[in-house]
Amino acid sequence: MLRRTISFICLMIIISGFSEKAVSLDKNSQDDNYKFNSSTYSTSTESIAIPEIQWPLSIGVQRTGKINASFNDQGQFGTGFSDFNSTPSISFETPSYSGLEYLFGGLIWVGAIVGNDTLVSTGADGWQGGYEEFGADNTFDPNLEKLQFPSDYSMRAEFTDTVIDGIQLDFSRGTPHIPLNVKIANRSHIWRVDTLDNAIFYDLLITNIGDQTLEQAYIGFYFDCDVGHTSMSGYERASDDLSGSLRDNGIAYIIDNDGDPSAGSFNSTSPTKAFAFKLLASSFPVIDTNYNWWVSGTSDDTDFGPRLRGIPEDPFRDFGTGFIGTPMGDANKYYIMSHKEWDYDQYDIATIGSSDPDWMEPNPSGVTSLAVGVDSRFLYSFGPFDLAPGQSERIIFSTFTADSIHQDPTNLDNLPHNPTAYKANLNLDNIASIGSAIIQAVDSILNPLIQPAWLEIFDYNKISFDPYVFDDVTGYNVYATSVDASAFTFPGAIPPWYKPTSPFYVGSSIDSVSVDTPDGLTAVNVSYTSVFGESELSQSAFINMPAAVTPTIREYSTTTTESSVLLSWYIPDTVLQPDHFNIYKFASYDDFKQVYSKPYYNEGSPNNFTTDSIEVDGTWWFYQSTIDTPYTVVDGNEREFIENNFDEEFIYIIVSVDQFGFESGYATTTTYLMPERTKDLLIIINSEVATLSTSANLIIDYYNALLQGSGISYEFFSVLDSSSAAACPSVSYCPTWQFMSAYDYVLIDETEYADQYWKYEILSFITNGGKLINFGALSEFNYNNHSTTPGWYDNNFLNKTMFGVDSIFNMGHLYNYPNPIEENRFGFNVARSEGGLFADLQCDTVRFPLDPKWQIIVNDNPTNEPLHVTTFMPSENSVVTHRYNSLYPATSYMENMAVGLKHVFSDGFDSTEVYTYGFHLYYMHLNQSRDLLGTILGVVIDTTFTCCIPPIRGNVDSDLSEQIDISDLVYLVDFIFTNGPQSVCNQEANIDGDIGEHIDISDLVYLVDFIFTGGPPPPGCF
């Protein structure tokens, strides 16, 4: 949905059922015989990975047959808060493929007391924006993997909260993010059997990786659902949600307020089901749970959540926001997670009056809208638990659905004044029934005899894996087995039947275990030990395996002849070099997706993909690979291949292969004939978005005036203009890199939609040697929006590669609107040159052409400054060209920060230049802009060209006396109305001095006013 900053999240922290004694939160109370419910297992061959999936991923999608649901490796559920460029369009869809969505996004919150600090880390805030939990190596690099587990499908994601740079300032403290130093592994399981197919199961492991104990820790789950059919707008789906709970069952839920009936009845686009959350088990005792719902907004009737009245022993907490809904900052988040409170159902709000003994009365003006449905979200939280350094705790929970919650299409008529009748018409028993039934999966997840689900090697020979945590497991066995290359029956497939005979380590913890291994390849396995015996061995992890490295490919192929193409790639010299490269060729990307997969073994029956088979100890294993022979094999010392059977649209897959036959991840390229660079400059603007703040025509006028007489050949490309479709036929929003590559330089002065549609086109343009100049806040390349609060925001890896910017300090101009004092603290005045290569750039506070509605904001501020300026933290390959200089050196956040960079981009073949500025060029004085652009382009742009000498506007007839009189008026009238001659100096005839140097009736009126009525003189030339 469209929302201020980042949309509101509905975080469901769900209670464990106190009345359901069958669900024990203490696994020690399990029956000694440890029975397993066989109905939770399946022999479905769908547990095999889909061939085209290339692990690891950033986002995984679970499909039960009734639900399609996603989660990612940054502490999030669904796609609403996802910060990835290519997210699936699925969050929690049920029925499958129906287009009925029951989730915008969900988040994991963790809070604790560390020393004297109260700290909280979140997958996202849910309101302000910003992320505090990151995946592999604290980056956006994917790490979500398929998990070997006896379910129908399992996946695992891992993330930590240890990133500090680029995280937004905390609301409570006004300081940067302080991490808890936790690592979280979120394992997801599904079963495609009746009842359990209504649920997605999550098995979360939280570990203290710091050196301080986390005291009184709580964990929360926050969900913002936006229930509705995807044919509706985001606002329509979000604006009528209702949150409620089943306290005795430990369930929280959100539903659409009426199920969206059509013509008095429900149909296939009616969201009559529910999104629900339930805690199933925990390794620490949970005495009670909290359920809080709220709505986020900007007034006391739109930012509201139920709050208990304060009493002496439990005083009311003021959030410091002026409202009682959204908990902003670590201190308030921790309070709401740890404070004992279970909120009333949202539709009961009209029953809460001034005399209610427990609950604060809501603002009467907002009661009706809140009662009938708004963009509500909820948090389900529980604790406390202490977490010592190295200690882990484990939590099992489920997000699930239930059918036919709405049964009466007219039920909404009962709200707000008859919530009892409204609730009676909801089939909430279905939610309770599913909640009770899915508990049977707990025993399957907590079976101590199944293999450990995750094992990896770090620091060469140290072991890391997901511990069992519950008390059933008392120890671990670690095995190490030497493996010769000849043991690999088929290249590139790890043989699963090699089992070690005896462990080299037996103990209760493997935190400090390392494998003393010879130089050869060594397989490592781990098992659990318990009173029930030893578990199955884990999948193997390998020490000394020569990892194959994914080649880096140029996105194009240069031509050698009309019918042949050169494919070229590189691998860093610092990694183990491959044995050879495999190159695969496909007629289309769709063909590639259907057949390309790395080989693997499968136990059971052969299928259509079986290539060969082998019998081991009475068990048949089937070697499966969808590709038998590569198109060609290239020696490991080579880095190029000439393709003589050239076809422009063919797909080539290039992988490196190690001595055991293991292939790297793949790099793909579609071959294209590289266009000849025949033009100097392409100026890209976004005309549709530009009209929001600055007229596209005025931007074009500015650049026309700037480049006039420069001798530079240039063209404009308005991204959202329909006329651009010819240059960008496949994606109407973007110019392709091939189109851009006809130009030596591309200058971008609007970046809207860049993250969605043409970021990779720009990267390919740079990779192919093109030079880029970018003006603007860089926020659209970095996923920040126009409402961003002031602070450092981490730049994603792709943008670091393109622009050489590690992080940006950003404030959205929509945030500026209600917070003008914040804008005054910025006070942008001059981009001060660093090193003397470029001229200073001074903001033209009079001439930069804002639309009138934005001009109101500017006029409200004494600096008359631009709306949106950012500064940068440069990477090591970037040089600062300009620094931020303000009118407020004592208070400006950005004073002396880098506001202009020159970045040398290299792809391993050659290098090019990228210039990045945190402001729009049309904010600046024209002559200074000429100097800057001329220096970058390597030309001298005559700064006197656009005015005659001496520069006198009004001397229309260009007489040598430079007098402005009636003869100039006659000359101008003759030109405008009778097709008379044009002025020799166009700028002198542009009386009112508009940037585009247009000569029209406004100039005539201006001249008449000046000559006859004492009006203002014409402005000077610029």
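These are my notebook entries on what I looked up in this predicted model.

**Ground rules.** I number residues from 1 along each chain as its sequence is written, and I work with heavy atoms for side-chain values, leaving out hydrogens and water. Since the model is predicted, local features need pLDDT of at least 70 and side-chain atom pairs count only at pLDDT 80 or more, while totals for chains, interfaces and linings use all residues.

**Cysteines.** I looked for disulfides, meaning pairs of cysteine sulfur atoms within 2.5 Å, and the structure holds zero. Cys225 is buried at 0%, and Cys843 is buried at 3%.

**A three-stranded sheet.** Strands here are DSSP runs of E with at least two residues, and helices are runs of H or I with at least four, numbered from the N terminus; two strands pair if DSSP finds at least two bridges between them. I found an open, antiparallel sheet in the order S31-S33-S32, with S31 (600-603) and S32 (610-616) as the edge strands, each pairing on one side only. Six bridges join S32 to S33 (residues 619-624), and I noted Asp612 opposite Tyr623 in S33.

**Tyr570.** Tyr570 lies in strand S29 (residues 564-570) and is partly exposed, with 26% relative accessibility.

**Backbone exceptions.** I kept in mind that most residues other than glycine have a negative phi, and that most peptide bonds are trans. The bond from Thr94 to Pro95 is cis, with omega near -5°, and Pro95 sits in the loop between S4 (92-93) and S5 (100-101).

Which phi does Asn181 have, positive or negative? I read a positive phi of about 65° for Asn181, which is not a glycine; this residue lies in the loop between S9 (153-160) and S10 (182-190) and is partly exposed, at 27%. Asn896 also has a positive phi, of about 70°, and is placed in the loop between S47 (878-886) and S48 (898-906).

Technical notes: Buried means under 20% relative accessible area, exposed over 50%, partly exposed in between (1.4 Å probe, protein chains only).
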